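User: Hi! Could you walk me through this model while I have it open?

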Amino acid sequence: MDPPEERLLIEAAQRDLTRFADLYDLYFDRIYAYVARRVGDRAEAEDLVSDVFHQALANLRRFEWRGAPFSAWLFRMAANRIADRSERLGRERAIEPSPEFEEADQEEAHDRAKVFALVRELPEDQRKVLELRFAEEKSLHEVAEVLGRSEGAIKQLQLRGLENLRARIGGKHG
Amino acid sequence: MAERDRMEQLNDALDRWTPGEPVPPGGEIRELVSLARSLRQMPREFFRTQLRGQLKERAMATTSAATTFRKGFHSVTPYIIVPGAAQFIDFAKEVFGADEKLRVPTPDGSRIMHAEIQIGDSMIELSDGNEQYPPRPASIHIYLQDTDGAYQRALDAGATSLHAVEEMPYGERSGSVQDPFGNHWYIATHHGASHIPQGLRTVNSFLHVAGTAQLIEFLKQAFDAEEISVYREDADGPIRHATIRLGDTVVEMGEAHGQYGPMPSGLHYYVPDVDAVYERAIRAGATSISAPADQPYGERGAGVRDRAGNSWFIATLLRANG
């Protein structure tokens, strides 16, 4: 997104907080990818991501546009929450990563966010199977039970879902 | 390679692969396993939409709650028109423990022009109706601590059973009745931290419509509604159940079928700007019932009818009154 466009979205949300949803849609996947990579546990990753966006909403009107992208502000808050968490867990506070490392991490999160968005465009039943089977790491049997389908049907959906996703990723990059 | 072979090969490769170990070799299948692996840190869709809803609710509460709602009300309130409104109120008191908050009789005292009852954390508005507003029963999903008791009291008070009480696969104990006035009540107890599932309230409007997908599209365009969940039995089949957020309230809906035929309902919907929402609704295909106007009871209100026949009374509290 162009900086001027992003700026308009931020200003609109600052005037009317209910428009914050637009910013959320734009940045959710990136922030989630960034946090999930650093925090292995799903429940904790979800808590942290939730904290970051609640904090962003509460402080949105304080955000000043100084040319740095809005995402940098969100990543900053995410990094702080992650550091707080390791401190809370009694681990040594991680050494601040170098700016280059941090930048590479954010870019990587951006790439993975694009894949998440493509998963969301898949037909509903394929998307659900990929989510349960790979994100939630459920067995074939468990997925079949949750969705009320046969194991054969789940095998077919996981194959089609992954093939479909691969084709879409190919389409985007090539 | 035939699809069936690829299905089996992929699944075997996925089962053999343990996180942290290198992806097993094997051309195309290898590529798919590697892709599957990159999805391990994918967000759950439920989490993404739930957090979105929470943020929106919080933004709404910060921005407008105090100025647009009447005390005790939420964004959406069912408005039921029943012949015998007084008897209906007695039924709701007896069966659901409703608390009567307001009753405005017609000048000759024979009928109720407008009444409000509270059940749990929710309000229901109702009236006897007149020629302009004929009877319009509704479907209500109501969460109570004791489903069995309420179901039995409903039958004792003259309701007929639509569905006996039983455990539902989605974590609720539930049974349903049609009251003597034609309204459907889906009585339920949610098994969880509270008897009401997160995001819902004691009283929830359930719209049975012909054309649920079109209605959802309309609600998005006209009212900025947010789709929370849509459930279909078959990918191309009708929508069996959907939850949609309007302001701070979740409304349920599903395609009409069998004894759950189309049941156009009436809803009172508080918005920050009546005139703007009215215009958007008309542009999105609604017909006008009444153009925006200040009402003597302290609201600016307007009415529109969506293509499925539901009547929406959009309103905002006039400041002098708030």
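Analyst: Happy to; we can go through confidence, the sheets of chain B, a glycine, a helix pair and the interface.

User: Great. What should I know about how it was made and numbered?

Analyst: This is a predicted model, so local features need pLDDT of at least 70 and side-chain atom pairs count only at pLDDT 80 or more, while totals for chains, interfaces and linings use all residues. Residues are numbered from 1 along each chain as its sequence is written, and chains are lettered from A and ligands numbered from 1 in the order in which they are written.

User: What ipTM and pTM does the predictor give the complex?

Analyst: The ipTM is 0.90 and the pTM is 0.59.

User: And where in chain B is confidence lowest and highest?

Analyst: First the scale: pLDDT is the predictor's confidence in each residue, from 0 to 100. Chain B has a mean pLDDT of 89, with 93% of its residues at 70 or more. The lowest confidence in chain B is in helix α4(B), residues 65–68, with a mean of 50, and the highest is in α6(B), at 98. Where pLDDT is low, the predicted coordinates should not be read in detail.

User: Noted. How many helices and strands are there in chain B?

Analyst: Chain B has eight helices and 16 strands. These are DSSP runs numbered from the N terminus, helices being H or I of at least four residues and strands E of at least two. Of the 322 residues in chain B, 40% are buried, where buried means 20 or more other C-beta atoms within 10 Å of the residue's own, exposed means 12 or fewer, and partly exposed is in between, with C-beta atoms placed from the backbone.

User: Let's look at a sheet. Which order do the strands with β6 and β10 take?

Analyst: That is an open sheet of eight strands in chain B, ordered β6-β7-β8-β5-β9-β12-β11-β10, with mixed pairing. Two strands pair if DSSP finds at least two bridges between them. β6(B) (160–168) and β10(B) (226–232) each have a single partner strand, so one side of each lacks a neighbour in the sheet. On average, neighbouring strands of this sheet are turned by 20 degrees against each other, direction ignored.

User: Is β7(B) parallel or antiparallel to β8(B)?

Analyst: Antiparallel, with seven bridges between β7(B) (residues 172–178) and β8(B) (residues 184–190). Gly175(B) has Ile187(B) as its bridge partner in β8(B), and Glu172(B) stands opposite His190(B) in β8(B). β7(B) also pairs with β6(B) in the antiparallel sense, over six bridges, with His163(B) opposite Ser176(B). Five of the seven residues of β7(B) are buried.

User: What about the hairpins there?

Analyst: The hairpin of β6(B) and β7(B) has three residues between the strands, and Gly171(B) takes a positive phi near 85 degrees in that hairpin. The hairpin of β7(B) and β8(B) has five residues between the strands, and there Gly182(B) takes a positive phi near 100 degrees.

User: I clicked on Gly192(B). Where is Gly192(B) found?

Analyst: Gly192(B) is in the loop between β8(B) and β9(B) (203–209). Gly192(B) counts as exposed because it has 11 C-beta neighbours inside 10 Å. Leaving aside neighbours within four places in sequence, Gly192(B) is in contact with Gly171(B) and Pro197(B); contact means C-beta atoms, placed from the backbone, within 7 Å. The C-alpha atoms of Gly192(B) and Gly171(B) are separated by 8.2 Å, and the two residues are 21 apart along the chain.

User: Nice. And the other sheet?

Analyst: Chain B has an open sheet of eight strands in the order β2-β3-β4-β1-β13-β16-β15-β14, with mixed pairing. Its edge strands are β2(B) (99–105) and β14(B) (287–294), each pairing on one side only. β13(B) (residues 266–270) and β16(B) (residues 311–317) run parallel and are joined by five bridges, and the bridge partner of Tyr269(B) in β16(B) is Ile314(B).

User: Over to chain A: how do α2(A) and α4(A) pack?

Analyst: α2(A) (residues 20–38) and α4(A) (residues 70–88) pack at about 35 degrees with axes 10 Å apart. Axes are lines fitted to C-alpha atoms, for helices over the stretch in contact, and angles run from 0 to 180 degrees between N-to-C directions.

User: Last one: how many residues does the contact take from each chain?

Analyst: The contact takes 28 residues from chain B and 36 residues from chain A. On the side of chain B that touches chain A, α3(B) gives the largest share, 12 residues.

Methods
Two residues are in contact if their C-beta atoms, placed from the backbone, lie within 7 Å.
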